[in-house]
Amino acid sequence: MAEQIQINQPQLMSELQTLATFTGAEPVTDGTAVTRIVFSFDDLRARAWLKELAATEGFQVRVDAVGNIFIRWAGTEPQLPAVATGSHTDAIPHAGMYDGTVGVLGGLEAMRALKRSGLRPRRSIELIMFTSEEPTRFGIGCLGSRLISGILDPIRADALQDKDEATLATVRTAAGFAGSLSSAQLPPNHYHAWIELHIEQGPLLEREGIPLGIVTSIAAPAGYRFTITGLGGHAGALLMPDRKDALCAAAELILAIEKHALATGAIDTVATVGTCDVHPGAVNSVPSRVVLQLDIRDTDPDRRESVMQAVRRDCEELRHRRKVEITEELVNADAPAQSSPHIVELLEEVCAAQHIPYKKMVSRAYHDSLFMARIAPIAMIFIPCRNGVSHRPDEYATPADTTLGVRVLASVLAKLASE
Ligand code: GLV
Ligand code: MN
Ligand code: MN
């Protein structure tokens, strides 16, 4: 079978380049800057283009209420649960051109390569392009896969707001995605298996000279929003002893978060404060309110919670000492996911048969696979990315590594579809 699977590398690379042109980012000199926020002009253009590619192949296309796109190649027994693959095409501000896109266009090319090889799959093979894997617009990642797996309440989802206070309900309807979000949920037996191809977004494969990673588990992410309220006033006239500067308190809180994440001593504990909104945001005004967003992850959710407990104790101390209000709001606290031993074994078989060195590894980034794991057996394939860089314009994966990943994906899809 493997000999007959020929990946069309020039076409795949050219499609990745085309997708990267649907961007809201200014061009840069050190790579390809991609900004593709969910339901923006560029996101909608990318979706239309992807649907055209699918139609050219004669694949069936379905779009659900939140905009997840399903591209299906019907099997000879289409009533059986399908085998699915895919990822996302949205991109955070000023990101690169490989995150997510390799799994979507690579998944499409894997299906096309299997078709060219003459395979007639028993189970249908389906490609999914998920809506808003990135949390940029609505503050929570994996919107599409959370709704598919029933992890996110549809009413809560529709009430999510972007920075202009537009709700998901309004924005998705305006973008042409109507209907109740509850209709996006799929039952646990809907898919026979799920497998996602993605760049590693870390340095290990490249550092160890290994072309392929087989993901055995995905670390557990959580998100919190802290609002610190102090006392604003004139930057010249409000005397220092009288101040309740919200940004100074926020600065201490950020450093406390870093200290407690480091204190676990575990390389798998990571915590990031990536946004900090300062009110009123004027150079000559003492900050009265600050909103911070914390992203904290660990392979061990109990250890993640112990960091949060330590952070809360420091908040208590800060409240008293700096006389500020601090409120904490939980955005999401997800469990880790384990790959299916069966799919991992199939991947190992494929690598052994094709003499491909591989490494079993943990995914520290989250992916839609984290939520697909709630309704299907899953696994992921990682390919190396230069210097481990991701979420930056200089993100890069070689054509050879990308093609190899797609070939392994295609081989495993063929095996799963024949089960
Ligand atoms: C996904 O983009 C993540 O932040 O892990
Ligand atoms: Mn990403
Ligand atoms: Mn991604």
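This is a predicted model: local features need pLDDT of at least 70, side-chain atom pairs count only at pLDDT 80 or more; totals for chains, interfaces and linings use all residues.
Reader: Is Asp394 buried or exposed?
Author: The relative accessible area of Asp394 is 18%. Buried means under 20%. Asp394 therefore counts as buried.

Reader: With which residues is Asp394 in contact, leaving aside its neighbours within four places in sequence?
Author: The neighbours within four places in sequence are set aside here. What remains for Asp394 is contact with Asp30, Gly31, Arg386 and Val389.

Reader: With which residue does Asp394 form a salt bridge?
Author: Side chains of opposite charge can pair when their charged atoms come close. For Asp394, the closest N and O atoms of the salt bridge are 2.8 Å apart.

Reader: How far apart in space are Asp394 and Leu247, C-alpha to C-alpha?
Author: In sequence, Asp394 and Leu247 are 147 residues apart. Leu247 also takes part at the start of H8, where its backbone nitrogen has a side-chain oxygen of Asp245 within 2.8 Å. In space, the C-alpha atoms of Asp394 and Leu247 are separated by 32 Å.

Reader: What is the distance between the end C-alpha atoms of helix H8?
Author: Helix H8 has 18 residues (residues 246-263). At 1.5 Å a residue, H8 should span 26 Å. The distance in the model agrees, the end C-alpha atoms being 26 Å apart.

Reader: What arc around the axis do the buried residues of H8 cover?
Author: The buried residues of H8 are Ala246, Ala249, Ala250, Leu253, Ala256, Ile257, His260 and Ala261. They lie on the same side of H8, because the arc that they cover around the axis is only 130 degrees.

Reader: Which residues are exposed on the other side of H8?
Author: The buried residues of H8 pack against strand E9 (220-229), strand E11 (270-279), strand E13 (289-298) and helix H9 (301-322). On the other side of H8, the exposed residues are Leu255, Leu262 and Ala263.

Reader: Which residue coordinates both the manganese ion (ligand 3) and the manganese ion (ligand 2)?
Author: The protein donors of the manganese ion (ligand 3) are His88 (NE2), Asp99 (OD) and His198 (NE2), at 2.0 to 2.3 Å. The two manganese ions, ligand 3 and ligand 2, are 3.7 Å apart. The residue that coordinates both is Asp99.

Reader: How many residues apart in sequence are the parts that His88 and His198 tie together?
Author: Both His88 and His198 are buried. The donor residues of the manganese ion (ligand 3) follow the spacing H-x10-D-x98-H. His88 lies in strand E4 (residues 82-88) and His198 in strand E7 (residues 191-199), so the pair ties together parts whose separation in sequence is 110 residues.

Reader: Which elements hold Lys359 and Glu208?
Author: Lys359 and Glu208 form a salt bridge, with the closest N and O atoms 3.2 Å apart. The pair ties together parts that are 151 residues apart in sequence, because Lys359 lies in strand E16 (residues 358-363) and Glu208 in helix H7 (residues 204-208).

Reader: Which residues are linked in a network of salt bridges?
Author: The count comes to 27 salt bridges. One of the pairs is Glu305 with Arg312, at 2.9 Å from N to O. The residues linked in a network are Glu15, Glu109, Arg112 and Arg116.

Technical notes
Residues are numbered from 1 along each chain as its sequence is written. Chains are lettered from A and ligands numbered from 1 in the order in which they are written. Side-chain values use heavy atoms; hydrogens and water are left out. Helices (H or I, at least four residues) and strands (E, at least two) are DSSP runs, numbered from the N terminus. The expected span of a helix is 1.5 Å times one less than its number of residues. Buried means under 20% relative accessible area, exposed over 50%, partly exposed in between (1.4 Å probe, protein chains only). The arc is that of the directions from the helix axis to the C-beta atoms. Contact means heavy atoms within 4.5 Å. A polar contact is a pair of N or O atoms within 3.5 Å; within protein, one must be able to donate a hydrogen and the other to accept it, and residues adjacent in sequence count only if both atoms are side-chain atoms. Donors are N, O and S atoms within 2.8 Å of the metal (3.2 Å for Na, K and Ca); water is not among the atoms, so sites may look incomplete. A salt bridge is a side-chain nitrogen of Lys or Arg within 4 Å of a carboxyl oxygen of Asp or Glu.
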